[in-house]
Amino acid sequence: MNHVPEPTLSRRERQIMDIIHRFERVTAAEIHAELPHPPGYSSVRTLLRVLERKGHIRHDQEGQRYVYVANESRDDARRSAMKRVLDTFCGGSAEEAVAALLDIEARNVSDAELSRMMAMIKNARRRGR
């Protein structure tokens, strides 16, 4: 399936996607058990159908149960989400995104994290990006 997933996810849909990515293959009952303050089981099944319709997941039938799998890796989903954030809030500028992040998180960024970010910047410069 080469369907591009719809970008918008509700809070509950994001929670379900996090569980699916963590488990890789998971049933509705397992998702229900992992959700914080879970809604009813039928609501979880409805959300899974919505996520399937939006193109984020698919299911395989194993005996009497459905096993849910993400259609894209967590890394691909993260890149897609970051691109939407960059385009929507930062005019496509990575510099503006980093500046906003550092403005918000400046108190919480350790020297080790800043050193790793500097190394990433140097590596990106060497690769010509």
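The legends below describe close-up views of a predicted model. Local features need pLDDT of at least 70 and side-chain atom pairs count only at pLDDT 80 or more, while totals for chains, interfaces and linings use all residues. Residues are numbered from 1 along each chain as its sequence is written, and side-chain values use heavy atoms, with hydrogens and water left out.

**View 1**
R74 and D18 are joined through their side chains by a salt bridge with an N to O distance of 3.8 Å. A salt bridge here is a side-chain nitrogen of Lys or Arg within 4 Å of a carboxyl oxygen of Asp or Glu. The pair connects distant parts of the chain, as R74 belongs to helix α4 (residues 74–89) and D18 to helix α1 (residues 11–23), 56 residues apart. Helices (H or I, at least four residues) and strands (E, at least two) are DSSP runs, numbered from the N terminus. R74 is partly exposed at 39% relative accessibility, and D18 is partly exposed at 41%. Buried means under 20% relative accessible area, exposed means over 50%, and partly exposed lies in between (1.4 Å probe, protein chains only). By the salt-bridge rule, the count comes to 9.

D76 forms a salt bridge with R79, and the closest N and O atoms are 2.7 Å apart. Both D76 and R79 lie in helix α4, with a spacing of 3 residues, about one turn of the helix. D76 is partly exposed, with 35% relative accessibility. K83 and D87 also meet in a salt bridge, at 2.8 Å from N to O. K83 and D87 are 4 residues apart in helix α4, so about one helical turn separates them. D87 has a relative accessible area of 43% and is partly exposed.

**View 1. A network of salt bridges.**
Salt bridges link R25, D60, E62 and R65 in a network. Side chains of opposite charge can pair when their charged atoms come close.

**View 2. A positive patch that includes R127.**
K122, R125, R126 and R127 form a positive surface patch. Patches consist of residues with over 30% relative accessible area and no salt bridge, with like charges joined within 9 Å and nonpolar side chains (Val, Leu, Ile, Met, Phe, Trp, Tyr) within 5 Å. Lys and Arg count as positive and Asp and Glu as negative, whereas His and the chain ends are not counted. Each charge is placed at NZ of Lys, CZ of Arg, CG of Asp or CD of Glu. Accessible areas come from the Shrake-Rupley method with a 1.4 Å probe, and for residues only the protein chains shown count as cover. R127 is part of helix α6 (residues 111–127) and is partly exposed, at 46% relative accessibility.

**View 3. The aromatic pair Y66 and Y68.**
The count of aromatic pairs comes to 1. The ring centres of Y66 and Y68 are 6.4 Å apart and their planes stand at 75 degrees, so the pair is edge-to-face. Rings of Phe, Tyr and Trp (its six-membered ring) pair if their centres lie within 6.5 Å; planes under 30 degrees apart count as stacked, over 60 as edge-to-face and the rest as tilted. Y66 is partly exposed, with a relative accessible area of 31%, whereas Y68 is buried at 2%.

E24 is not a glycine, yet has a positive phi of about 75 degrees. E24 sits in the loop between α1 and β1 (26–27) and is exposed, with a relative accessible area of 58%. H37, also not a glycine, has a positive phi of about 45 degrees. H37 is located in the loop between α2 (28–34) and α3 (41–53) and counts as exposed at 74% relative accessibility. Most residues other than glycine have a negative phi, and most peptide bonds are trans.

L35 lies in the loop between α2 and α3 and is buried, at 4% relative accessibility. I20 is in helix α1 and is buried, at 0% relative accessibility. I20 and V67 are 47 residues apart in sequence, and their C-alpha atoms are 9.9 Å apart in space.
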